Amino acid sequence: MLLRHTTADVVEREGLTINPVKTCQPVGAMYAALGIHGCLPHSHGSQGCCAYHRSALTRHYKEPVMAGTSSFTEGASVFGGQANLLQAVNNIFTIYDPEIIAVHSTCLSETIGDDLNQILIKAQEDGKVPEGKSVISAPTPSYVGSHITGFSAMVEAMVKYLSINSGKSNGKVNLIPGWVEPCDMRQIKSIAKRMGVENILFPDTSDVLDAPLIGKHQMYPDGGVTKEELVSAGDSIFTIAMGSFASEQAAKLLNKKCNVDYEVLDIPVGIKATDRFIMKLSQTAGVEVPSDFKSERGRLVDVITDQEQYLHGKRVAIFGDPDQLIPLTEFLLDLNMEPVYVVSGTPGKYFEKRIKELFEQYGIDGKVKNGPQADMFLLHQWIKEQGVDLLIGNTYGKYIARDEDLPFLRYGFPIYDRVGHSYFTTLGYEGGLRIVEKILGLFHDRQDRDAPEERFELVM
Amino acid sequence: MGEHTIPAPELIKEEILAKYPTKVARKRKKSMVTNDGNKDKALEIQANVRTVPGIITQRGCTYAGCKGVVLGPTRDIINLTHGPIGCGFYSWLTRRNQTKPAEGSEENFMNYCFSTDMQDQNIVFGGEKKLRKAVQEAYDLFHPKAIGIFSTCPVGLIGDDVHAVAREMTAELGDCNVFGFSCEGYKGVSQSAGHHIANNQLFKHVIGTQDKEPEGKFKVNILGEYNIGGDAFELERIFEKAGLTLVSTFSGNSHYNSFANSHFADLNVVMCHRSINYVAEMMETKYGIPWMKVNFIGAESTAKSLRKIAEYFDDKELIQRVEEVIKEETIQIEETVAKLRPNTEGKTAMLFVGGSRAHHYQELFNELGMKTLAAGYEFGHRDDYEGREIIPDIKVDADSRNIEEIKVEKSDEEFRDYTKSDKLEWSEYGGMMRDMESGSLVIDDISHYETEKLIEAYKPDIFCAGIKEKYVVQKSGVPLKQLHSYDYGGPYAGFVGAINFYKDIERMVTTRVWDLVEAPWEKSTQVEAQYAAG
């Protein structure tokens, strides 16, 4: 047994987190920054943070993840990191020549009280930022929030430092996708495009973290939202922010700063959340929904009706990020499955509220927890209590899945041991079909594996 | 590939330095040396100095070296990270430390990640209270023999005294050894500081704390072997076959009691010099146990190291058995090399990794007939490059000075006098540069920019580094072999490991996909010509 010490008795813990369902803010800020074209993320703290974040993102996306660090040693920790950051900005523009540097803080630089904003103004004044280049920054202490709130902070910084209302509408809709895969960002753009909605998607990691191999390393791949687009986001007609945890702050600030109205929707996972997204796009841009969406949606519904017997009543345990778990839970419920245990490490009352509403609406007697000590150890204990038929979550779930002999769907961040997550979307009706296909594949394999010879069947 | 002229290293160096701001260039210059091939005395290289802010570096932090590298592979110590969640999360199972506890009840906490998950109120009001609770809860849930507490950056800044908490909790719990590590990420200039801190605390709190003498005639500890990809399993196999008793491995596939009884060994052999030479030194001072540098990477090195060990014990039977093992294992080595070498002969490699691996793995490339054009360490010190004899000359700077040096004294009761033959090299290590050819480039703490320039200039057939470098290099059309995690392959140590490595490298330098990088319409002007003609 890999997790041989985990037992079913749940004891309240106050000090100890075991097997967390979250990680820290800076990695989210780094991921968001990579979604700007020509941007080099920069970690203001000791080297280890940057190394860990680059490694985590690299292992998940299997792509180059470039980022600088202020390389604090003890001296900088005592006297402040200003000198390090000024030197870093100068070196980065000289050696790596980015369009923009996106700096985020770490628990170290936050604890000693470095003021990123002030240091970067000084960099500007000292002439360390070349003409036409930009530096933006976000506070991301690791002892607040999670990787999701760190992502949110950097997206907010894009608006804070760059977006401007010029008084002239650009006729576009801003789309803030939240922490999703590069393919998911592409999917959101593609849905909007098929609807005929001109849009600015930010951040946009498609073509950055799924770049082609062409025999040459591009420090700044072709993808990413451009600085001009981020500036122009202040002139858009509306903002759709997907996921309240990762996207609402930026939309709110854009509203305050540039007077762009917004609405927070769920990330379009599953049928209903996709329906809401498409309806909203249609309303805000004043466009009709093209007929091929009806066909695409119909194909997904068709597969579900065909295979309903394999899904009905199956108990599911899920862990991951709040913006994804909310619509995913709803989708599983629409599949007549029972997502009975839902855990997210990211704090925030909205999560539990939404999941509980879903439980109530669909008549599920489930357990949900997020925030302190909402970890995989607890989830495993719940699973041991009453058992489930399926586990959904990031790669770390494989230890529970093996011990409990559970079908396991890899979903979320990080996924270190499979490929596909960054290429095949799980958003929209198309992504819904992929989720259903994956789940059915697991159940069908399970049935084949467990069937006695006399009951082993060809057609399913 | 392989058949191109290699540009002069000095020119490449100049080209690289030209891009840097003056101050950076001045500093980096000293860390880039063209090796002169002198076997007696290596050239001086600057190492173990701060990375320049803004430079994209391979390096990590002190915490990573302490918790991740040295203590990480031990299965029955609860490794509790005191800090915000990130540090604990990133060091959770990502270093491929395999371990094999006995079936059933034996403790194994390797798959768990323990953290105090500090929140802002802990930063403001202090985190000791939460830490005490966490230790208690870990004890109540798991009843471990030992709990190690690892300090992260903010812990040092706010002044939480992890050592005091550890002492209190050891007294309170009674049967659990709790000890702390001041391994905040900002200490030192790389992971290396963390190794040193880990070694000190292991020595103070664990090594020699039990007195159950292991049975066996030839008792050895392997230091600096972390069981990445099962390397330690292979060495265990060889040791057993040769009749050597492995008391403890620091720290691959290890457990608490093996550390606590490791002072009964008759000999310490050191694999990764950088991460653990401190323990070897301290054990020699306190217990008299002699140590020798070995290398189990490469078939010839493995044979040589086994012979060295046998010679130390100076036992006829052991010497004979070791020869038999070598002979037996060599058959397959020779067969494999004969088969694969035609595909690898003359190809070129570069290694920028770790603090010993960039040296050790050159041995395996040699056995494949491959040439190492350039190499360097991520967190090495000058002695790893130039040999231990220069240790007294190394200037101790501020960053090294803030790492605790513990005073070790001879233990009158436990000290044993060992006979050391003059024929063997004791407590010595010649470093990497002496083993490298004249004209090869040696670069300490290589940066991303330098990596790109090297690849552009040399177009090596294979590049060895870590996960952060992997896809960058591969996007340029050059295969990258990860030598920290082995690309999830291995083992590469010992005899079976050598065979695995030969096969993996041969696969990587002959893989057909590299020929597919260019699309046909980009390859030739033929297509255009046809259309133009049509």
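How many bridges join strand 6 of chain A to strand 7 of chain A, and do they run parallel or antiparallel? I looked this up in a predicted model. I found three bridges between the two strands, which run parallel. Strand 7 covers residues 199-201. I then picked out one pair: A:Val173 has A:Asn199 in strand 7 as its bridge partner.

**Entry: side chains of strand 6**

I stayed with strand 6, residues 173-176 of chain A. I checked which way its residues point. A:Val173 and A:Leu175 point one way. A:Asn174 and A:Ile176 point the other way.

**Entry: an open sheet**

Next I traced a sheet in chain A. It is open and has four strands, in the order 3-2-4-5, with parallel pairing. Which strands stand at the edges? They are strand 3 (68-69) and strand 5 (134-138) of chain A. Each has a single partner strand, so one side of each is left without a neighbour in the sheet.

I then looked at strands 2 and 4 of chain A. Strand 2 spans residues 39-44 and strand 4 spans residues 100-105. Six bridges join them, and they run parallel.

**Entry: chain A as a whole**

Chain A has 17 helices and 14 strands. Its C-alpha atoms fill a box of roughly 80 × 55 × 45 Å along the principal axes. Why call the chain compact? A compact globule of 460 residues would have a radius of gyration near 23 Å, and chain A has 23 Å, so the two agree.

I looked up burial too. Of the 460 residues, 63% count as buried. Chain A exposes about 16600 Å², and carbon and sulfur atoms supply 49% of that area. For contacts between residues at least 6 apart in sequence, I read that 75% join residues at least 24 apart. Last, I checked the charges. Chain A has 45 positive and 59 negative charges, and their mean positions are 2 Å apart.

**Entry: one residue in chain B**

I moved to B:Glu281. This residue sits in helix 12 of chain B, residues 273-287. Its relative accessible area is 30%, which lies between 20% and 50%, so B:Glu281 is partly exposed. What does B:Glu281 touch, leaving out residues up to four places away in sequence? I found B:Trp291, B:Arg388 and B:Ser427. B:Trp291 is 10 residues from B:Glu281 in sequence. Their C-alpha atoms are 7.8 Å apart in space.

How values were computed. Residues numbered from 1 in each chain as written. Chains lettered and ligands numbered in written order. Predicted model: local features only at pLDDT ≥ 70, side-chain atom pairs only at ≥ 80, totals over all residues. Heavy atoms only, no water. Rg over C-alpha atoms; globule rule 2.2 N^0.38 Å. Buried < 20%, exposed > 50% of the residue type's maximum accessible area, 1.4 Å probe, protein only. Contact = heavy atoms within 4.5 Å. Areas by Shrake-Rupley, 256 points an atom, 1.4 Å probe, with all protein chains shown as cover. Lys, Arg positive; Asp, Glu negative; His and termini not counted. Charge placed at Lys NZ, Arg CZ, Asp CG, Glu CD. Pairing = 2+ DSSP bridges.
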